[in-house]
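Thanks for coming. I have one structure to go through today, so please look at the sequence and the model on the screen while I talk.

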Amino acid sequence: DIAAAVQYIAEHYTETVELSRLAAIAGVSEGHFCRLFKEYTHMRPVEYVTHLRIETAKSLLVDSPTLPVSQIAHQVGYASPSYFSSLFRAAEGLTPAEYRVRSEDR
């Protein structure tokens with residue numbers, strides 16, 4: 001079922017989450033899984049994983065102000081800090097460092 005796949009993602013989002021694994025958890029084909037997942041979450045699986053990673057990174061940026069952005073990138077599942085920063089900027093409109101500074105100003 002899709003809820004079980006969502007739970008799996010919540011527990012494994014820092015790892016590589018394979019579509020085939022998610023479809024197997026849900027007991028459906030990969031194509032059918034993608035359709036069901038989008039209906040359930042309003043996001044594609046890869047978008048959902050990215051969303052979870054970015055939301056976790058936002059918390060880490062605020063709650064751990066001395067933790068380097070590169071370490072946060074690794075903690076949320078990105079091997080490349082620059083790739084993480086580009087995804088973060090696309091999602092939030094700010095770099096992780098800018099987000100941290102803005103959050104401190106509040």
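Helix H4 gives the largest share of the lining of the largest pocket, namely 5 residues. Before I go on, this is a predicted model, in which local features need pLDDT of at least 70 and side-chain atom pairs count only at pLDDT 80 or more, while totals for chains, interfaces and linings use all residues. Residues are numbered from 1 along each chain as its sequence is written, and side-chain values use heavy atoms, with hydrogens and water left out.

Back to the pocket. About 210 Å³ of space lies in it. Of the 14 residues that line this largest pocket, Val-17, Val-46, Val-49, Thr-50 and Arg-53 are the closest to its centre. The elements that give two or more residues to the lining are H2, H4 and helix H6, residues 81–92. By class, the lining has 10 nonpolar, 2 polar and 2 charged residues. Here Ala, Val, Leu, Ile, Met, Phe, Trp, Tyr, Cys and Pro count as nonpolar, Asp, Glu, Lys and Arg as charged, and the others, Gly among them, as polar.

A word on how a pocket is found. On a 1 Å grid over the protein atoms alone, a pocket is an open set of points where a 1.4 Å probe fits, with protein on both sides within 12 Å along at least five of seven lines, and lining residues have an atom within 4 Å of a point. The volume is the space filled by probe spheres set on the points, which are joined across faces, edges and corners.

Now the overall picture. The protein has 7 helices and 0 strands, and from the N terminus on its elements run α-α-α-α-α-α-α. Helices (H or I, at least four residues) and strands (E, at least two) are DSSP runs, numbered from the N terminus. Along its principal axes, the C-alpha trace spans about 45 × 20 × 20 Å. Of the 106 residues, 34% are buried; that means under 20% relative accessible area, with exposed over 50% and partly exposed in between (1.4 Å probe, protein chains only). Among contacts with a separation of 6 or more, 50% are between residues 24 or more positions apart, a contact being heavy atoms within 4.5 Å.

Next, helix H1, residues 2–12. Which residues of H1 are buried? They are Ile-2, Ala-5, Val-6, Tyr-8 and Ile-9. These residues lie on the same side of H1, because they cover an arc of only 155 degrees around the axis; the arc is that of the directions from the helix axis to the C-beta atoms. As a reminder, an α-helix has 3.6 residues a turn, so residues three or four places apart point the same way. What covers the buried residues of H1 includes helix H2 (19–26), helix H3 (30–41) and helix H4 (45–63).

H2 can be read in a similar manner. Its buried residues are Leu-22, Ala-23 and Ala-26. They are on the same side of H2, because their arc around the axis is only 100 degrees. They pack against H1, H3 and H4. Take Ala-23: its relative accessible area is 2%, so it is buried. Leaving aside neighbours within four places in sequence, Ala-23 is in contact with Val-28, Ser-29, Glu-30 and Phe-33. From Ala-23 to Phe-37, 14 residues apart in sequence, the C-alpha to C-alpha distance is 9.6 Å.

Just after H2, Gly-27 takes a positive phi of about 75 degrees. Gly-27 is in the loop between H2 and H3 and counts as exposed because its relative accessible area is 63%. His-42 is in the loop between H3 and H4, and its phi is near 65 degrees, a positive value in a residue other than glycine. Most residues other than glycine have a negative phi. Is His-42 buried or exposed? His-42 is exposed, at a relative accessible area of 66%.

Last, Ser-85, which lies in helix H6. Its relative accessibility is 22%, so Ser-85 counts as partly exposed. Not counting residues up to four places away in sequence, Ser-85 touches Val-69 and Pro-96. The C-alpha atoms of Ser-85 and Glu-55 are separated by 13 Å, and the two are 30 residues apart along the chain.
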